[in-house]
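The sequence and structure come first.

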Amino acid sequence: MNKTFIILKHEFRQTLKNRSFIILTLALPLLAILGLGIYQGVQHWYHPGAPQEVRLGYVDRTGMFGSYTSQPGVLFVLYPDEEQAKDALVAKDIKEYFVIPADYLSSGLITRYTTSRDVEPSKKITGQITDFLLSNLLDGEVSPQVMERVKTPLLLASVRLDETGEIAPSQDVVSSFVVPIVFALLFMISIFFASGFLFQSVTEEKENRVIEILLSSVSSGQLLVGKVLGLGAAGLIQVAVWLITIIVFSQVAQGIIPALSDLSIPASLIGWGLMYFILGYLLFAALYAGVGSIGASAREGQGWSTIFVLPAILPYYFSYFIISSPESAVSRALTFFPLTSPITSMMRLATGAISAWEIALSLIILAGSIALTMWFAAKIFRVFLLMYGKRPALREIIRYVREA
């Protein structure tokens, strides 16, 4: 146990001294400070002028569209004929013009003329012309309230119910979508970074034959446990720094950036996040340690590690689907699969759409997978650390592990 603690302390100190570890750990706090500084600087120095009013010309051959020519952000200019409207367009007095034919009521056809190259008119322009036509068609026919409702018939409000049928706490767009993705990304980086350090340490020591000296003083089990716990402790410090940064940033940003005024990060998310980080790291650390001991060099080991990395990052590429449909069968399957469980669970926890039994089951499966992987990795570690030369085939690995 004393030798395991010595290895743990050595790996922990070496990792904290590593320049790339320091840079990555401090990157998020520095980016947060820089982002707030840039935002405040822009708010202080940038003073946008009043929005310019768009001028749209039109030719009315029905004589029905002479009212409501001034609407928010746009002014409709009436021209007696197309020639004058065309001259105004060429002279850039107007942005574009449209012609309302005499049979408009029966045909509904409007011809638009513009000098800009576009496949179809923008939704903004179409909406402005539509409001203009509706306002004039309904003038004197309905009340102003009805006219406004015709132009804006729907203001949709969505209410989410929980599993008991009660109204669930509402979340803003940032809390619902940005927070899950940010948490998933940070935890993915931290887990793979800490596990990658372990992989790099094992492969370098094996390639440089330093492992032979170490195994003359400690057992393979003590070496494995010491490395896993030492690098895990360093990774935990990294995650703690990032979580503190996110908490402080959310508190400060709420009073500075209006879009983040409703940003909320529950304390339970932090607690479960640490739990999933620890378990996720232990799983990938065991896998990386086993892979690192098999390969004769770091390059060979990286080929093996790809087998575990690709499914592990799968939730990040399906993040929109997981966040928008957190209770679907696919989201639940990714929650229970050990390699995708930490990242998927963090996304679903941030959305608040994961039940207690799903958290418990995913943690049980993850813990069981860690125990099995650690047992398997310890056998591989003991058999292949001092094996050099040709990379063993999968059949040979299974045979050696059985005999270990």
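Thr340 is buried, with a relative accessible area of 1% (buried is under 20%, exposed over 50% and partly exposed in between, with a 1.4 Å probe and protein chains only). The model is predicted, and local features need pLDDT of at least 70, side-chain atom pairs count only at pLDDT 80 or more, and totals for chains, interfaces and linings use all residues. Residues are numbered from 1 along each chain as its sequence is written, and side-chain values use heavy atoms, with hydrogens and water left out.

- Thr340 sits in the loop between helix H14 (329-336) and helix H15 (341-351); helices (H or I, at least four residues) and strands (E, at least two) are DSSP runs numbered from the N terminus.
- A polar atom of the Thr340 side chain lies 2.7 Å from the backbone oxygen of Leu334.
- Leaving aside residues up to four places away in sequence, Thr340 touches Pro311, Ala312, Pro315 and Leu334 (contact means heavy atoms within 4.5 Å).

**Ser116**

- Ser116 is in the loop between strand E5 (111-114) and helix H5 (123-137).
- With 42% relative accessibility, Ser116 counts as partly exposed.
- The side chains of Ser116 and Thr114 are joined by a polar contact of 2.9 Å (a pair of N or O atoms within 3.5 Å; within protein, one must be able to donate a hydrogen and the other to accept it, and residues adjacent in sequence count only if both atoms are side-chain atoms).
- Ser116 and Glu96 are 20 residues apart along the chain, and their C-alpha atoms are separated by 8.7 Å.

**Sheet and helices across it**

- Five strands form an open sheet in the order E2-E3-E1-E4-E5, with mixed pairing (two strands pair if DSSP finds at least two bridges between them).
- Strand E2 (70-71) and E5 stand at the edges with a single partner strand each, so one side of each has no neighbour in the sheet.
- Strand E4 (residues 96-100) and E5 run antiparallel and are joined by four bridges.
- Val99 has Thr111 in E5 as its bridge partner.
- H5 lies across E1, E2, E3, E4 and E5, at about 40° to E4 (axes are lines fitted to C-alpha atoms, for helices over the stretch in contact, and angles run from 0 to 180 degrees between N-to-C directions).
- Helix H3 (residues 82-90) lies across strand E1 (54-60), strand E3 (74-79), E4 and E5, at about 165° to E4.

**H1 and H2**

- The axes of helix H1 (residues 2-17) and helix H2 (residues 19-45) come within 5 Å and cross at roughly 65°.
- Thr15, Leu16 and Lys17 in H1 meet Arg19, Phe21 and Ile22 in H2.
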